[in-house]
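Me: I'd like to learn how to read the inside of a protein model. Could you walk me through it, feature by feature?

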Amino acid sequence: MKIPIESLNLIMINVGFARHHADWNWKDVSSPFTRLFLVTEGEAKLHLPESVVTLCPGNAYMVPAYVTHSYECHGDFALYYLHVYEGFKNETDILDAYEFPTTAKVCDMDRELFAHICALHPHAALPSSNPDTYNNTVCMADSIERYHALPLHDKMRLRGFALTLFAQFVEHARPRVWTRDKRIIRVVNHIQSHIFDTLSVDELSSIACITKNYFIQLFTHTLGMSPVRYINRKKMERAQLMLLTEQVPVKEVAYRLGFSDHSYFIRLFRQTVGISPQEYRRRNGRG
């Protein structure tokens, strides 16, 4: 199954260069955007849920959205960074459909391109290395507004740059295990492309062309969760991104994601994320 690059609607939030002196030690970081690092000097550690990766020069690294991770740095360390998210398109989320390697080799051209982009967009650099200072509604909304205000040729350069860097990871990307079943592929693609609609199990079982009961069993066995739980998880992920990138009321977020019951949306968000949408915004710099 080929990766449709035209579906990678990558929107830049931040890009820059940072130099650290044993001060890149942040715990339990999680964001609704993907991070890419290109290390130029020194060494640090990236703590992921299932592994610890040593960050060293000559490599680029990817941390997908919503993955809780930590940083550990005990000496001099320097890196380029790029934060992006996939724009709201009615297409499959490529970063969710494929499993990308954490590490990729880079060349001099990649480093030069990173330096060039940073020079062109100095205002896109992070205010500090502390995630609390940039992983919030105000900073993300400002960064996205700045991106959308760019002229078309700058957006084209940034998209080309992001795709060039992603190419190092795409080369070794693999479809996730669940994509082996074409019936589940159709259903997951439908969920992704209709994330703003009200989705029913009856509708999904029809798309899979199997009975409702068998569909529930097959989906649960393949993805490790029921269709309803999967739908709700993907909607809550999109809700987190919307709460940070769009200055609209929580009720509007619920409505746009297909929830006619605002109270149910809040309960579901609390069950999934651990806090209410309002508290999520307050903790991330607004409200």
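Me: Let's start with rings. Which residues form one aromatic cluster?

Reply: Some ground rules come with that. This is a predicted model, where local features need pLDDT of at least 70 and side-chain atom pairs count only at pLDDT 80 or more, while totals for chains, interfaces and linings use all residues. Residues are numbered from 1 along each chain as its sequence is written, and side-chain values use heavy atoms, with hydrogens and water left out. The cluster is made of F259, Y264, F265, F269 and Y280. Rings of Phe, Tyr and Trp (its six-membered ring) pair if their centres lie within 6.5 Å; planes under 30 degrees apart are stacked, over 60 edge-to-face, and the rest tilted.

Me: How many aromatic pairs does that rule give?

Reply: The count is 13. Take F37 and Y71, an edge-to-face pair at 6.0 Å centre to centre with 75° between the planes. F37 sits in strand β2 (residues 34–42) and Y71 in strand β6 (residues 70–72), so this pair ties together parts 34 residues apart in sequence. Strands here are DSSP runs of E with at least two residues, helices are runs of H or I with at least four, and both are numbered from the N terminus.

Me: Is F37 buried or exposed?

Reply: Buried means under 20% relative accessible area, exposed over 50%, and partly exposed in between (1.4 Å probe, protein chains only). F37 comes out at 3%, so buried, and Y71 is buried at 1%.

Me: Now the core. Which residues touch the most other members of the largest nonpolar core?

Reply: In soluble globular proteins, nonpolar side chains tend to be buried together. A nonpolar core is a set of buried Ala, Val, Leu, Ile, Met, Phe, Trp, Tyr and Cys residues joined through side-chain atoms within 4.5 Å. The largest one has 71 residues, and V15, W24, L82, F114 and F265 touch the most other members. A second, separate core of 17 residues includes I191, L199, V201 and F215.
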